[in-house]
Amino acid sequence: MATRDDLKNILNRIDGKGYKAYKDIEGSFDFGLFTLYIDHVQGDPFAASSRLRFHIPLSRTGFPASLFERRIKRIAFQDFIVRRFETVQRKLVKGYRGTGKSGLISIDSGKQEILERSAVSIDAQGVEVRFTVGLPAEGRRILGKEAIRVFFQEIPQIGEQCLLYQYYDPSEVRMHVEVAEDQETIQRQLEEKGLVAFVHDMSILPRRSGVDDRPLTHNVVPFYYPSELGVEMSVPNRGRIKGMGIPKGVTLIVGGGFHGKTTLLNAIERGIYPHIPGDGREYVVTLPSAVKIRAEDGRSIEKVDISPFINHLPQQKDTVRFSTENASGSTSQAANIIEALEMGAKLLLIDEDTSATNFMVRDERMQELVTKDKEPITPFVDKVKKLYSDLGVSTILVMGGSGDYFDVADTVIMMDNYQPLCVTHRAKEIALKHTSRRIDEGGASFGKVTPRQPLSQSFDASRGRREMKIDAKSMRTILYGSTAIDLSCLEQLVDPSQTRSIGLLIHYYREHYLDKTENLRRGLEKVMEDIYERGFDILIPYKVGNLAMPRIYELAGAINRMRTLKIK
Ligand code: ADP
Ligand code: MG
């Protein structure tokens, strides 16, 4: 392996030369404390930054094994190291100098959620940290002196402060790891206790704004749990904690407009992930298979059996194998539910704000005017109970606008000035007092969920001369070959790096499992098992630091939204 002096010599030699000469620094260099790998050098100052890695044997770091002995702790500790790199980088790096991305050092760090990321990994061999550097240049002329500053001052200092435990605040890192471990433990206890979600007492649910997911700080009302729904959880790092347990079955969140219903549901949606300390939702925990459902008119649908909800469309359009290039509010919402069930979701989360009204309710008067034989849609209110009794799938539903749901709800929570009250009893009394004369149109059972198998021609990742070109244009858009996939309605996607992974996972599915598995669910489960066991590097031949773990539901969600999807 080359030494650090070798690197310095090269940089001195190429100072002032054309940018291409930077290629000479690709390789690995012994920096004493760590090995620095320069895996890929960018072609010009405006191209994607160069990819680098640190590697250090564990024994040199001083990191106590208690921080990474279990998988969840390791993920959280790795996440902490990424954030640490980001903090140190901000403090130490001079930053922009020259043209394009010159002088910028960056790492793919997350926001409020703790995710498994390819940026940092810990295994028996040691700790690896992947980051990018914009190699400095003025125009296309190499700024060797600035590069020397990057490689011999900034990178070694970042390395030292990220890789040596002596620079860490032990209580800060322990807290980060512990909240993730506790979250996972609560998630496992939900099932045993017959719950689908838990909201810890004193949680802070509202966010700063629609585009800022940090906790609201001014005039916040903390969450107090209603005693009727109080449950206790025992967690490894905090003993016994109390909060609101939402039982399996059908749960309704009601309350006046602007009283905090959506805020509560949003927190529950994100409860599938652990959160960083200080987020306010550290112990808001939801079943891992919870899926947010919404209307999404305009999406494409490919041979989904939406007949549990929709039948007898005009022109005898098939709803057992329903396909469209341009779904309506109600057909899209029906397909979103069936697709979630197809992948094994056990909890649906639905908000009236983002639902199709005609999918959710159909009252007595409308039933009389537009008779059943003229209405293709069976409203959700007539299916939600059967969803639970037939398939064991629970629903949490925000519904301030219709009392028809009182008849089918097992639990009713009312948000009143941001505080939850348990009003199940009262809602049932009212349902008895004003008996609804609407007719149940739901039939004897929910209906069936039919597995589907995609055809391999659905997935063409080629673009121009490239055999495989897949980009995440943003968190919400993947360009798969030349097919754009719109993920903006997958509300539980939280990180652009998850989106990048999803693009690559689709390709991996096609290459490795599509032909070997009987249906989409089985194939994607195999894909998720592989990445879970073998890590992100199975997805592409280069070592990249900008991938994060998505869920199988968002992966399937992306495939279902491909306009090129063809089902057998
Ligand atoms: P709803 O769905 O009942 O109409 P929202 O959940 O959208 O109401 O909340 C309305 C507003 O109140 C939002 O701006 C939200 O940030 C704020 N809010 C929600 N919960 C709290 C709380 N606990 N403390 C302070 N503000 C809150
Ligand atoms: Mg709302």
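The model is a predicted one, in which local features need pLDDT of at least 70 and side-chain atom pairs count only at pLDDT 80 or more, whereas totals for chains, interfaces and linings use all residues. Residues are numbered from 1 along each chain as its sequence is written, chains are lettered from A and ligands numbered from 1 in the order in which they are written, and side-chain values use heavy atoms, with hydrogens and water left out.

Helices (H or I, at least four residues) and strands (E, at least two) are DSSP runs, numbered from the N terminus. The end C-alpha atoms of α7 (residues 329-342) are 20 Å apart, which agrees with the 20 Å that its 14 residues should span at 1.5 Å a residue, the expected span being 1.5 Å times one less than the number of residues. Just after α7, G344 adopts a positive phi of about 95°.

The magnesium ion (ligand 2) is coordinated at 2.1 to 2.3 Å by T262 (OG1) and D353 (OD), where donors are N, O and S atoms within 2.8 Å of the metal (3.2 Å for Na, K and Ca) and sites may look incomplete because water is not among the atoms. T262 belongs to helix α6 (residues 261-270) and D353 to the loop between β20 (347-351) and α8 (357-360), so the pair ties together parts that are 91 residues apart in sequence. T262 is partly exposed, with a relative accessible area of 25%, while D353, at 56% relative accessibility, counts as exposed.

T262 is also among the closest of the 14 residues that surround ligand 1, together with V221, F258, K261 and T263; a residue is included if one of its heavy atoms lies within 4 Å. An oxygen atom of ligand 1 lies 2.6 Å from a polar backbone atom of F258, and for H259 the corresponding distance to a polar backbone atom is 3.2 Å.

Strands β24, β25 and β26 form, in that order, an open sheet with antiparallel pairing, two strands being paired if DSSP finds at least two bridges between them. Both β24 (470-474) and β26 (483-486) stand at the edges with a single partner strand each, so one side of each is left without a neighbour in the sheet. Strand β25 (residues 477-480) is joined to β26 by four bridges, and T477 has D486 as its bridge partner in β26.

Conventions: Buried < 20%, exposed > 50% of the residue type's maximum accessible area, 1.4 Å probe, protein only. Polar contact = N/O pair within 3.5 Å; in protein donor to acceptor, adjacent residues only side chain to side chain.
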